[in-house]
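Let's take a friendly walk through this structure, one part at a time. Have a look at it first.

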Amino acid sequence: MNEPSPRFWKIFFEVYEHLPRQGPGNRDCAARALRLCVGLPRTPMILDLGCGVGGQTLQLAELTTGSIMAIDSHAPSIERLKATLVVRDLSQRVQAQVGDMVHLELPPESFDLIWSEGALYNIGIGKALRICHGLLLPGGYLAFTDAVWRKENPPPEVKASFDLDYPAMATATDVVTAIQQGGLDFLGRFTLPDEAWWDDFYSPMEQRIKELRGKYDDDAEALAILDQIAREPEMHRRYSEYYAYEFFVARRPVSRKADNMKSSNRK
Ligand SMILES: C[S@@+](CC[C@H](N)C(=O)[O-])C[C@H]1O[C@@H](n2cnc3c(N)ncnc32)[C@H](O)[C@@H]1O
């Protein structure tokens with residue numbers, strides 16, 4: 001498979017950076033996942049990994065009174081989040097930072113809650129779980145979403161799309177196994193509803209593509225790239241029964257003894 005061209009990425013970001021979020025999710029789902037994190041401290045230390053422009057970061061700021069560190073490797077998204085934080089007067093409580101999840105220079109055991117919507121898969125779920133385990137305080141929570149297969153034998157178009165974007169995509173049951181093998185206690189999971197795909201993600205994406213079709217009216221290459229990007233929401237419209245986004249909530253064991261036992265089982 002050919003690597004997408006630099007022009008593809010330029011237009012891809014021209015679409016994505018303008019969306020309220022860069023993946024499926026919504027406030028109700030964030031609130032539901034938070035309810036599984038029973039007994040969080042009153043002002044938890046929260047790390048939001050792969051925050052994008054901060055759709056869920058802003059919801060976490062509303063739903064908790066915690067201090068939030070939001071990290072993403074794509075600098076323009078962090079610039080946009082920083083500007084929003086200023087406008088919303090949240091810069092004291094939410095820190096946005098460019099960084100790579102694999103090379104975080106953060107002290108171990110420093111977070112009560114690690115949040116990550118649609119981003120951990122970029123570094124592989126197993127590796128991400130190890131990193132999160134190390135950054136969580138004992139008893140700290142991990143809440144993340146991940147794309148999963150719902151049904152076997154997807155149509156060739158769906159299979160080809162995920163072979164390209166997320167070849168290691170598994171089932172929800174496989175992810176739960178990975179959580180447990182990663183030394184975390186699995187607390188619960190649920191499937192994101194259809195509106196979590198459309199309201200803040202695919203509907204604004206289709207609107208943005210429409211605007212850019214106007215901008216690139218006489219540019220055949222750009223229009224072809226926009227057609228390519230538009231295939232994703234269209235695929236979801238036709239084939240969403242084959243795949244889902246799942247919220248997973250897990251916890252690092254509270255007791256050091258249980259944590260050490262689980263860790264030695266992992267070796
Ligand atoms: C599907 S988007 C989700 C963004 C956001 N959480 C949301 O739901 O709107 C995945 C994000 O992960 C970020 N990302 C990918 N690899 C990363 C890495 N190694 N470290 C930090 N962020 C990363 C991307 O830049 C992108 O913003």
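The tour goes from the sheet to a pair of helices and then to the ligand.

This is a predicted model, in which local features need pLDDT of at least 70 and side-chain atom pairs count only at pLDDT 80 or more, while totals for chains, interfaces and linings use all residues. Residues are numbered from 1 along each chain as its sequence is written.

Start with the open sheet, whose seven strands follow the order 3-2-1-4-5-7-6 with mixed pairing. Strands here are DSSP runs of E with at least two residues, helices are runs of H or I with at least four, and both are numbered from the N terminus; two strands pair if DSSP finds at least two bridges between them. Strand 3 (94–98) and strand 6 (185–191) stand at the edges with a single partner strand each, so one side of each has no neighbour in the sheet. Further in, strand 4 (residues 111–117) and strand 5 (residues 136–149) run parallel, joined by six bridges. Trp115 has Ala143 in strand 5 as its bridge partner.

Now turn to two helices. In helix 1, Arg7, Phe8, Ile11, Phe12 and Val15 meet Glu221, Ala222, Ile225, Leu226 and Ile229 of helix 9, where contact means C-beta atoms, placed from the backbone, within 7 Å.

Finally, find the ligand. Among the 22 residues around it, Arg21, Gly23, Gly50, Gly52 and Asn122 come nearest; a residue is near if its C-beta atom, placed from the backbone, lies within 6 Å. Helix 3 (55–63) and strand 2 (67–72) each supply at least two residues of this shell.
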